[in-house]
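Open the model in your viewer and keep the selection tool at hand. The tour goes stop by stop.

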Amino acid sequence: MKKIAFITGSSRGIGRAVTVRLAEEGYAVGINCLHSKALAEQLAEQLRAQGREAAAFQADVADRAAITAAIRAAEEALGGPVSLLVNNAGIAEQHLFQDVTDAFWRRIFSVNVDGAFHAIQAVLPAMLHEKAGCIVNISSIWGQRGASCEVAYSTTKAALIGLTRSLAMELAPSHIRVNCVAPGVINTDMVQVLGEETLADLARETPLGRLGTPEDIANAVAFLADERASFLTGQVLTADGGFIL
Ligand code: NAD
């Protein structure tokens, strides 16, 4: 089976770093963006200029038809079925629980949880047919531990852990591995809303003394996808510098 990876939400941040890392590992990569078509195309260009296979597709993971069409288009462009799916697209907002609106609750679930549901169902038929494949979901330490003012986000990330464990059991007989990375505080656009001072405090509170980088998470994803992790399924790999020890 040709090594073809599809990474959701990969025009920037963790998804972008995962894409670059997987391309280095010899994967043909399908890049997905919600709005930033130019950034996604630029990344694909950059990788192609380095001799890698890459193509970019715009789609909202919350929209089943759109993300399924994007995955089909990636398979067409890259020459085979997706062998590695990374469910990275995600959104986060801080709210007191009593201020969470129905609309926000529905939207965060539709992106963070339904997005993975849709993308997995789009790649599964081919993986089941091949009796091979790998799925990596990007959860969060806030799916493992409570987070004040992030109840909705934390609930979606805990749901991804449940999905990972149960799906891993269901797909193990078909030799499809499903794992999860739970990043700690990673220095991307997503956490800039916290402000410099809070980010500096969080770095100090991290036993390893720094914030994570997108590349730290890309390394964890590449490890789970690798043959050397072939006996690992249903696992949550926490990559947080020791933050929740
Ligand atoms: P980011 O905001 O830089 O990247 C998220 C990406 O997902 C963006 O490119 C965005 O456009 C895309 N996206 C959002 N909604 C989408 C949709 N509906 N369809 C398609 N793409 C969509 O943030 P990041 O820090 O790179 O986060 C990546 C993942 O890592 C997220 O799932 C996030 O929850 C998780 N995570 C991040 C941290 C952190 O500290 N940064 C910690 C734990 C987990």
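**Stop one: a strand residue**

Select Arg177, which is found in strand E6 (residues 176-183). Strands here are DSSP runs of E with at least two residues, helices are runs of H or I with at least four, and both are numbered from the N terminus. This is a predicted model: local features need pLDDT of at least 70, side-chain atom pairs count only at pLDDT 80 or more, and totals for chains, interfaces and linings use all residues. Residues are numbered from 1 along each chain as its sequence is written, and side-chain values use heavy atoms, with hydrogens and water left out.

Is Arg177 buried or exposed? Arg177 counts as buried because its relative accessibility is 12%; buried means under 20% relative accessible area, exposed over 50%, partly exposed in between (1.4 Å probe, protein chains only).

**Stop two: the ligand**

Next, show distances from ligand oxygen atoms. One is 2.6 Å from a side-chain N or O atom of Tyr153. For Asn88, a polar backbone atom lies 2.7 Å from a ligand oxygen. At Ile186, the distance from a backbone N or O atom is 2.8 Å.

How values were computed
A polar contact is a pair of N or O atoms within 3.5 Å; within protein, one must be able to donate a hydrogen and the other to accept it, and residues adjacent in sequence count only if both atoms are side-chain atoms.
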